[in-house]
Amino acid sequence: MSQTPILRARTWPVVGAMLIIGVGVGYGAFAAGFIKNTRPVSQPYPFNHVAHAAAGCSTCHHGVKKQAHAGLPTLNACHDCHATAPGTPDTQAKEMWDAAAGDDLVSFNRLTEVPQHVFFSHRRHVTLGAQKCTTCHGEIASTETPPRLPERTVVMHDCIACHEDNGVAVDCTACHK
Ligand code: HEC
Ligand code: HEC
Ligand code: HEC
Ligand code: HEC
Ligand code: HEC
């Protein structure tokens, strides 16, 4: 798509503002962008999405239909269905399992994150926009061990491409605070 002069003219103040924000938060964090894939993520306990296919995604990702954040379960939430530590955890994971009983301090860790200057809402995309999890997250529901890096990296260009296809807002301020 070719940019109209109006869009171009509007772009500059935002770029300027964002460069200032960028300096404010530190360029490293800013440049890391949408996906935390600069270092592999590890999880507190083994998990297998395939073994949990019978439970709906929102059983564990509570906010995915109704809130901005999908949310990840705490290790304590697993105790709702498992009376004893499931699978074959190593010693450290077993200790984490026992320690997690009754408190919500140990959480699973995210692979995907937009920078603080970007608005993103799951409710908007999943419930109102009828977008599928796989479009943005790939085949994580078919994994038997937690992936250490996201399978798919949705960056600004991808957000805008889909918005253009669907006639959704593409002005800078639609997505940027
Ligand atoms: C809604 C109920 C439910 C919740 C919540 C739940 N599980 Fe499970 N889990 C199951 C069922 C059902 C199975 C398959 C039968 C079995 O092996 O017990 C299973 C199996 C497993 C297995 C064995 C999988 C394999 O590789 O054979 C592991 C490990 C496991 N769960 C970990 C977890 C963890 C970690 C959590 C929390 C993030 C969790 N579960 C939350 C119901 C649940
Ligand atoms: C029983 C709980 C449970 C259910 C049900 C569940 N998940 Fe998860 N999900 C987890 C846990 C625990 C993690 C973190 C460990 C991992 O990645 O395996 C996770 C991680 C994810 C992530 C990675 C988030 C990120 O930061 O990129 C996505 C995406 C995801 N799940 C999608 C799904 C989808 C889609 C479904 C339904 C088809 C689903 N999950 C069902 C527990 C669950
Ligand atoms: C249009 C793209 C898109 C779709 C569709 C989508 N996600 Fe996400 N997902 C994201 C983005 C972007 C983030 C990072 C959000 C942030 O940093 O606030 C994310 C983060 C997550 C996380 C990490 C924890 C959190 O609270 O945000 C989970 C879990 C997750 N998504 C699950 C799902 C599930 C399950 C579905 C389908 C029901 C789904 N997502 C559909 C783009 C998407
Ligand atoms: C696969 C398609 C798709 C992708 C990828 C996508 N979006 Fe969207 N987005 C939509 C649709 C469809 C809507 C309209 C939903 C509705 O009906 O309210 C929307 C709406 C929005 C809105 C509300 C806009 C407004 O003013 O109404 C924001 C903000 C937004 N998306 C941000 C993002 C960001 C940030 C990303 C990338 C991380 C992204 N989107 C990726 C399809 C997508
Ligand atoms: C549909 C949503 C969307 C729209 C519209 C959008 N952006 Fe973004 N933008 C993002 C997301 C998501 C990121 C973080 C991921 C990335 O860096 O690609 C981002 C990152 C950025 C960054 C930081 C890049 C970096 O290296 O960290 C700048 C600067 C930026 N956008 C400027 C703009 C300007 C200027 C416009 C208007 C012409 C605009 N954006 C429109 C979603 C959007």
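How do the residues of the shell around ligand 3 divide into nonpolar, polar and charged? They divide into ten nonpolar, nine polar and two charged. Here Ala, Val, Leu, Ile, Met, Phe, Trp, Tyr, Cys and Pro count as nonpolar, Asp, Glu, Lys and Arg as charged, and the others, Gly among them, as polar.

This is a predicted model, in which local features need pLDDT of at least 70, side-chain atom pairs count only at pLDDT 80 or more, and totals for chains, interfaces and linings use all residues. Residues are numbered from 1 along each chain as its sequence is written, while chains are lettered from A and ligands numbered from 1 in the order in which they are written.

A residue belongs to a shell if its C-beta atom, placed from the backbone, lies within 6 Å of the molecule. Helices are DSSP runs (H or I, at least four residues), numbered from the N terminus.

| Ligand | Residues around it | Nearest residues |
|---|---|---|
| Ligand 3 | 21 residues | His69, Ala70, Gln131, Cys133, Cys136 |
| Ligand 4 | 22 residues | Leu128, Gly129, Cys159, Cys162, Ala169 |

Around ligand 3, helix 6 and helix 7 each supply at least two residues, and helix 7 gives the most, with four residues.

For ligand 4, at least two residues each come from helix 6 (122-128), helix 7 (133-137), helix 8 (156-166) and helix 9 (172-175). Helix 8 provides the largest share, five residues. By class, this shell has 14 nonpolar, six polar and two charged residues.

Helix 7 also contains threonine 134. The C-alpha atoms of threonine 134 and arginine 152 are separated by 8.9 Å, and the two residues are 18 residues apart along the chain.
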